[in-house]
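Let's walk through a structure together, one question at a time. Have the coordinates open and follow along.

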Amino acid sequence: MKQVRDDDLGGARGAPRLRRGPTEMAALKREMLERARRIYREEGVEALSMRRLAQELGISTMAIYSYFESKKALLDGLWIEVFESLTDELLDASKGQRGARRVLEAHVRCFMDFWERHPEQFRMIYMSSTQTASLDEIGQSQMPVYNRLLGLVRERLAACAPAGVEPDERRIRLLCDLMSVRQMGYLMMVVGLPRYPVLDRELLRERTVQGVLRDVAEEYAGESGPAAPEAAPGSPGAAVGG
């Protein structure tokens with residue numbers, strides 16, 4: 001069995017181990033994620049390793065493992081941090097909006113704007129060979145943030161249903177799929193293929209937003225809430241419009 005040296009724990013032989021408080025630990029974890037993101041962005045996922053990250057930060061490799069048990073866990077940490085930021089921005093985008101359609105429109109615009117402002121993160125999450133797992137393979141650490149984001153999307157699509165209509169699971173899933181196809185199609189074109197000569201990016205973006213809204217309107221077209229009960233004969237309401 002390999003012996004653990006004192007300097008493996010973050011100090012020279014015989015030096016006391018540095019004990020960090022919660023604030024310092026959180027700050028160090030954030031710095032680890034920031035350095036990992038930079039390595040990924042500038043050199044690719046192959047260049048990112050626990051040893052390389054430790055060298056960048058001037059700490060031991062074992063110190064990295066105390067925060068992330070594997071390279072996959074480190075990449076998951078990057079994934080979670082990005083989607084938490086995205087979800088927060090989507091929530092902020094709905095503030096001050098009146099009506100479900102306005103909220104959904106603000107949501108779609110914010111979603112696309114977020115990834116256009118963070119193209120490296122988009123490519124890391126959606127275009128990296130390390131992020132090809134199915135939803136069934138998402139790690140437990142990723143599930144809460146994924147469910148929070150998905151729940152927000154479902155909530156906003158359901159809110160667009162006519163008053164009194166409760167959309168079923170199939171309809172919500174279909175609307176989620178249609179929304180994803182439009183948004184991701186646009187983003188894959190302008191972010192994933194930056195050299196593609198898009199004729200009019202702003203027009204394409206606006207058509208994408210309006211396409212999502214049109215899909216939702218068409219899916220709910222013809223739906224209406226429960227009809228009001230008829231007034232009994234002889235009641236005051238029975239004479240109205242008679």
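Predicted model: local features only at pLDDT ≥ 70, side-chain atom pairs only at ≥ 80, totals over all residues.

**Helix packing, in questions and answers**

Q: Which residues of helix 2 are buried?
A: Helix 2 spans residues 50-57, and a residue counts as buried when its relative accessible area is under 20%. The residues that qualify are Met50, Leu53, Ala54 and Leu57.

Q: Which exposed residues does the opposite face of helix 2 carry, and what covers the buried ones?
A: The face turned away from the buried side carries Arg51 and Gln55, both exposed. The cover over the buried residues includes helix 1 (22-43), helix 3 (61-65) and helix 4.

Q: Are helix 1 and helix 4 roughly parallel or roughly perpendicular to each other?
A: Their axes are 10 Å apart and the packing angle is about 100°. Angles of 65 to 115 degrees count as roughly perpendicular. Helix 1 and helix 4 are therefore roughly perpendicular.

Q: Which residues of helix 4 meet helix 1?
A: From helix 1, the partners are Leu33, Ala36, Arg37 and Tyr40. By class, this contact has six nonpolar, one polar and two charged residues. On the helix 4 side, the residues are Leu74, Leu75, Gly77, Leu78 and Glu81.

Q: Are helix 4 and helix 7 roughly parallel or roughly antiparallel, and is their crossing left-handed or right-handed?
A: The axes of helix 4 (residues 71-93) and helix 7 (residues 143-158) come within 9 Å and cross at roughly 25°. Angles under 35 degrees count as roughly parallel. Helix 4 and helix 7 are therefore roughly parallel, and their crossing is left-handed.

Q: Which residues of helix 7 meet helix 4?
A: Helix 4 contributes Trp79, Ile80, Phe83, Glu84, Leu86, Thr87, Asp88, Leu90 and Leu91. By class, the contact has ten nonpolar, one polar and four charged residues. Helix 7 contributes Val145, Tyr146, Arg148, Leu149, Leu152 and Arg156.

Q: Is Gln183 buried or exposed?
A: Gln183 lies in helix 8 (residues 169-192). Beyond its neighbours within four places in sequence, Gln183 is in contact with Val108, Phe111, Met112 and Thr208. Because its relative accessibility is 5%, Gln183 counts as buried.

Notes: Residues numbered from 1 in each chain as written. Heavy atoms only, no water. Axes fitted to C-alpha atoms, helices over the stretch in contact; angles between N-to-C directions. Helix = DSSP H or I, 4+ residues; strand = E, 2+ residues; numbered from the N terminus. Parallel < 35°, antiparallel > 145°, perpendicular 65-115°, else oblique. Left-handed = near helix turned anticlockwise from the far one by under 90°. Contact = heavy atoms within 4.5 Å. Nonpolar A, V, L, I, M, F, W, Y, C, P; charged D, E, K, R; others polar. Buried < 20%, exposed > 50% of the residue type's maximum accessible area, 1.4 Å probe, protein only.
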